[in-house]
Amino acid sequence: MSETAIVQQATKAATVRPLVWIAVGIGVLVLCAAPIGISAYWLRVLTTVLMYVIVTQGLNVIVGITGYHAFGNGVFFGVGAYACGAAMVAGMPFAAGLVLSILVSAACAFILGWPILRLKGHYFAIATVALNLAAIQIIIQIGGITGGAQGLALPLSDWDPKPLYIALYYLMLAGAVASTAVVTILLRCPLGFALRAIRDSERAAAVMGINTTKAKVYAWSISAGLTGFAGGVWAYWITFIEPSSAFDPAIGVKAYIMLIIGGMGSILGPVIGAFVIEIVSTLVWSGFLHAHQLIFGVLIVVVCLVAPQGIIDASAQLVRSIRRGNGAA
Amino acid sequence: MLAQATVNGILLGGLYGLATVGFSMVWGVMGVINLAHTSFITLGAYITYVLFSQFGIDPLVAMPVSMLATFVLGYGIQRLILNRIIRTSLLLSLVVTFGIDLILTDATVIAFTSDVRSVNASYASTSVALFGTLVPLVRLLAAGLSLTIGIAFFVFLRRASMGQAILATALDREMSNLMGINPQKVFALTAGAGAALAGAAGTLSSMLFPISPTMGVSFLGAVFVITVLGGIGSVEGCIVAGFLYGLVQAWAAYWLGTNFQEIVAFAMFLGVLVVRPQGLFGRAFFGEHA
């Protein structure tokens, strides 16, 4: 994606028309009502979708707005999951565990950000991947309260399964709405302007008096906090976590794909990307059990070839070309 | 014991180096981080396995076949898919190659199932005495051939006109275009060569490791570390860094225990990235500006 295209997209996103917000409101209401009418299977699918909305919005902050391609951002998902899990095993309530998920993830990004955010482009991308893979080994080595390689079983809830899953669904929904709100606010506040200046030209931003390292570290901490929250809820949801599932690099990669397909740096792009990719991959999985990865791979390649700027941009272009065609005829 | 661990580590490092050269070249020349690279290793191993188990062809004889097959596949993928992508966005290539990797891995599972296979050549259990240590012949062969192929590719890049075109494109894409070099062709050629080198590494690793659809992915961590250590796009850097990586891994296992192998590798990786991001031998290649 060229720099100008990203800027155009971001500016477009920052001035969304009221009609779009009405549609978003209706969408949220529908999602609020959804648990009444759908089966347990689809409740599970939708909870996963909303989880990915949070993770992808977290990625949007560092990749879409700041322009630092954290390919291994899934590491904070695992940190959040383990922070919540360890806190609950130590006897704390779930709510305290969730707060810790956010704080510990953000603190990790804050500390690691100072050295790692000095790297640029591909180097930063692969450093985050290395971080993600190293985290698996670190948890295995630490052992103790993290359970090490054996995994960690969280205390079970007293609630019945059905209301519990619905409550967790609403928690993910609240997280998805909150993370989208964070991105919206960020695009309008001074930090957001600083971050977008860094994305378009870091040197120019520094010349304009922005403390670029500080801004980048803040952005990554926000990103990590959001991702960590999703990890914390996820840990309580599946109740058993192990290093290879909590720090699965595929989580970060999948969110990255959702972000690209939805459109980077926009407010609603990550939401649309998460819904499209997760629902399509669920349908493909249930339809073609043996070849689902193959078909999913083909879908990724085709979408990237057809709509490299994301599907919002591609459909807008399609509409524009149809209009132009009508005008000419 | 230490001598044995050292020799084993160095020999394995040769193979790691060969497994990385193609990945590093593709990254250096066109700025593509090819996540599908390791599935070419898997593919090379399976081609060797089929030729060996169906026709009784020796793995070393099968190597040119698996190199040719992976070359054609790498060339085709670059021409049909990746050349269209890198015109728009470099980081999009990460996602596309991830998709290609899914396709290739799943195709392997469908074709060969997930069962673990092995190639046992007649000389598989032969060992050679070397510096007072006992070294399996296949490991020695793998390291020797890896080094030979790596040097051959190094010479090809510097002596053959096609190789020089690849280097020129890596150093300055616009200028090489002005000199009458077609970047699309050079990209496809580089991708093909990179895949062929991975295929060769696949053939060699089929003699050392069990063959499964995920065998390539186990190389991914090493491939990343060695690329960065050697400097992106540097063939000689890759070979030296491969040996270094093998040595450090072996010593980490010897002094600290096998659990620490990966932690030491990642520490090395992050250390190099922060202190010397251009790698031990790297210079500014096109991929670095992107």
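Select helix α9 (residues 220-230) of chain B together with helix α11 (residues 261-275) of chain B: the two pack at an angle of about 30°, with their axes 9 Å apart. Helices here are DSSP runs of H or I of at least four residues, numbered from the N terminus; axes are lines fitted to C-alpha atoms over the stretch in contact, and angles run from 0 to 180 degrees between N-to-C directions. The angle makes α9(B) roughly parallel to α11(B) (under 35 degrees; over 145 is roughly antiparallel, 65 to 115 roughly perpendicular, and the rest oblique).

This is a predicted model, in which local features need pLDDT of at least 70, side-chain atom pairs count only at pLDDT 80 or more, and totals for chains, interfaces and linings use all residues. Residues are numbered from 1 along each chain as its sequence is written, while chains are lettered from A and ligands numbered from 1 in the order in which they are written.

Next, display the side chains of G221(B), F224(B), V225(B), V228(B) and L229(B) in α9(B), which meet E262(B), A265(B), M268(B), F269(B), V272(B) and L273(B) in α11(B) (contact: C-beta atoms, placed from the backbone, within 7 Å). The residues of this contact comprise 9 nonpolar, 1 polar and 1 charged.

Now move to helix α2 (residues 37-55) of chain B and helix α3 (residues 59-86) of chain B, which pack at about 135° with axes 9 Å apart. That angle makes α2(B) oblique to α3(B). On α2(B), select F40(B), L43(B), G44(B), I47(B), T48(B), L51(B) and F52(B); their partners on α3(B) are P59(B), A62(B), V65(B), S66(B), A69(B), T70(B) and G74(B).

Definitions and conventions:
Two residues are in contact if their C-beta atoms, placed from the backbone, lie within 7 Å. Ala, Val, Leu, Ile, Met, Phe, Trp, Tyr, Cys and Pro count as nonpolar, Asp, Glu, Lys and Arg as charged, and the others, Gly among them, as polar.
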